[in-house]
Amino acid sequence: MQISFFNPTRLVFGKGKLKELGSYAKEYGKKALIVYGGGSIKKNGVFDSAIASLKEAGIEYVECGGIEPNPKIDSVRRGIELIRKNGCDLIIAIGGGSAMDCSKAIGAGALYDGDPWDMIFHGQENVYIPTRCMPIITVPTLAATGSEMNPGAVISNSETHEKSFVQTDALFPKVAVVDPTLTLTVPKNQTGYGVCDIIVHLTESYFNGVDGTPIQDEFALATIKNCMQYGLKAYQDGSDLEAREQVQWSSILALNGFVNCGTNGGFPVHMIEHTVSGIYDITHAAGLAIINPSWMRFAITHGGNVDKFARFASYLFGIQNDGDKVKTALAGVDEYEKFLKKIGCPVRFSELDIDESNYEKIAEVTLKVIHDGEGKLPARPSLSKDDIVNILKSAS
């Protein structure tokens, strides 16, 4: 193991914690840019509650709403303009991963003289790696991305149909105010998609990481099991606060760097899906639900860590290993796919009316964004263009 763990984000977690937003905000600024999505927070009272807390603390605010589900670089540019025009010194993201990711790009872009697209990895020769960012406070209203407590952001470009990421320590939020009651009104489909996103964050590091990480492996499996158990409950009954709390906690653990600390694995399913949703603008987790089982089957039969896949099958689904680890592992993927269907996720591209016409382009763009010294996508096993195309075909 080679470990370098750092997470400076203060986590404030629990029922009713939204009321404390203002007390944390005043530590970092006096005028906030509030970044949010389509406006559901104004319908369900979250916005009003947040503003009441800010006003009590003497914090002024400017709104930056309408952030898209796959946040666009144009929205980042708009947010930067609002900050500069209004003299904001703090950013508060209220919403799902899109609002939080967009806020990070806005916060770094506001302190950069160039175009914020320079900081998004998309195969360019010179990448701007932000070393400064405005203070950000995240208030997640959806359990999915874990963006509230990590230094990554995924941004799309509608002109070039590219979707990629920036990740650097400067983007860590100062505070994550996580109030699970804010997720009680999340619709069924978004709840299921969120659960899928959390699980894939964990399977990426579990299956693609180095050997010799037994604590991380068992931690990942336990977190997946917790997420599956309570995720299904939250999907079936959105008013179940205990279920919402457990899914929210799983979301944070899945991608705040702790569970996968030292595993140092690639995220091939995410990299491929970023390209897919960059082209088709589909829901991120819908793409993950389709690609992940297909990738798992490929990895099992092409040099992946079969022992880990067999352990996944036995721990999560009770499948007994009769001596044929590959058979056990593949049976585990079948059960995993059944679970995804239970929470309303698609498992084939045909369900989203996506055909094979762009599979080669998807593979090429994915490898343009990220590749190893041999031109392959970092994974276990590493993936060539043909490998990616075959994975996509088997998910058709």
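**Reading the model**

Tutor: Helix 3 is followed by glycine 58, which has a positive phi, near 80°. Helices (H or I, at least four residues) and strands (E, at least two) are DSSP runs, numbered from the N terminus. This is a predicted model, where local features need pLDDT of at least 70 and side-chain atom pairs count only at pLDDT 80 or more, while totals for chains, interfaces and linings use all residues. Residues are numbered from 1 along each chain as its sequence is written, and side-chain values use heavy atoms, with hydrogens and water left out.

Student: Which residues of helix 3 are buried?

Tutor: An α-helix has 3.6 residues a turn, so residues three or four places apart point the same way. In helix 3 (residues 46-56), the buried residues are Val46, Phe47, Ala50, Ile51, Ser53 and Leu54. Buried means under 20% relative accessible area, exposed over 50%, partly exposed in between (1.4 Å probe, protein chains only).

Student: How many bridges join strand 6 to strand 7?

Tutor: Two strands pair if DSSP finds at least two bridges between them. Here six bridges join strand 6 (residues 152-157) to strand 7, and the two run antiparallel. Isoleucine 155 stands opposite serine 164 in strand 7.

Student: How many disulfides does the structure hold?

Tutor: A disulfide is a pair of cysteine sulfur atoms within 2.5 Å. The structure holds zero.
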